[in-house]
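Dear colleague,

Please find below the structure that I am handing over to you. My notes on what was found in it follow directly after.

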Amino acid sequence: MIEVVGTPVLLVGGVATLGWGWLPAWERSDVRRPVVFGWAQLALAAALITYLVSDSLTNAPHLSLTLKVVGIVVMLFGSWLFSVAEWEPRRR
């Protein structure tokens, strides 16, 4: 159920962050790289979409399992991007 609610929220948030630089109020003090934060939101939305698709493929158990593994990998990548978004940018 959380996938159904969370996916559109993450998609809209990711597009708003990438398009207009908007960040949620609770993230503004922590996020140092808004573009990376937007990509992290889109990566998590993609992971949730793969979960939704894999649950609908009950007739193909191997394909469903493969999609779930891909979703987990994408979710881990998105979580890593969230942590990268909070790093200080390099100074040259």
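A salt bridge is counted here when a side-chain nitrogen of Lys or Arg lies within 4 Å of a carboxyl oxygen of Asp or Glu. By this rule the protein has 1 salt bridge. It is formed by the side chains of Arg32 and Glu88, with a distance of 2.8 Å from N to O. Arg32 belongs to the loop between α1 and α2, and Glu88 to the segment after α3, so the pair ties together parts that are 56 residues apart in sequence. Both partners are partly exposed: Arg32 has a relative accessibility of 37%, and Glu88 one of 48%.

Please bear in mind that this is a predicted model. The mean pLDDT of the protein is 85, and 96% of the residues reach 70 or more. Among the elements, helix α1 (residues 2-20) has the lowest mean pLDDT, at 83, while α3 has the highest, at 89.

Overall architecture

The protein contains 3 helices and 0 strands, and the order of its elements from the N terminus is α-α-α. Along the principal axes, the C-alpha atoms fill a box of roughly 50 × 25 × 20 Å. Of the 92 residues, 33% count as buried. The accessible surface amounts to about 6200 Å², and carbon and sulfur atoms account for 70% of this surface. Among contacts between residues at least 6 apart in sequence, 66% join residues at least 24 apart.

Helix α2

Helix α2 covers residues 34-56; at 1.5 Å a residue, its 23 residues should span 33 Å, and the end C-alpha atoms are 34 Å apart, which agrees. The buried residues of α2 include Phe37, Leu44, Leu48 and Thr50. Thr50 counts as buried because its relative accessibility of 18% is under the cut-off of 20%. Leaving aside residues up to four places away in sequence, Thr50 touches Leu67 and Gly71.

Aromatic pairs

The structure holds 3 aromatic pairs. In one of them, the ring centres of Phe37 and Phe82 are 5.2 Å apart and the planes meet at 65°, so the pair is edge-to-face. This pair links distant parts of the chain, since Phe37 sits in helix α2 and Phe82 in helix α3, 45 residues apart. Phe37 is buried, with a relative accessible area of 3%, whereas Phe82 is partly exposed, at 22%. Elsewhere, ring pairs join Phe77, Trp80 and Trp87 into a cluster.

A residue on helix α3

Is Leu65 buried or exposed? Leu65 is part of helix α3, which covers residues 61-85. Its relative accessible area is 52%, so Leu65 counts as exposed, the cut-off being over 50%. Leu65 and Tyr51 are 14 residues apart in sequence, and their C-alpha atoms are 9.8 Å apart in space.

The salt bridge joins Arg32 and Glu88, and the edge-to-face ring pair joins Phe37 and Phe82.

With kind regards

Methods. Residues numbered from 1 in each chain as written. Predicted model: local features only at pLDDT ≥ 70, side-chain atom pairs only at ≥ 80, totals over all residues. Heavy atoms only, no water. Helix = DSSP H or I, 4+ residues; strand = E, 2+ residues; numbered from the N terminus. Buried < 20%, exposed > 50% of the residue type's maximum accessible area, 1.4 Å probe, protein only. pLDDT = per-residue confidence, 0-100. Expected span 1.5 Å × (residues − 1). Phe/Tyr/Trp six-rings, centres within 6.5 Å; stacked < 30°, edge-to-face > 60°. Contact = heavy atoms within 4.5 Å. Areas by Shrake-Rupley, 256 points an atom, 1.4 Å probe, with all protein chains shown as cover.
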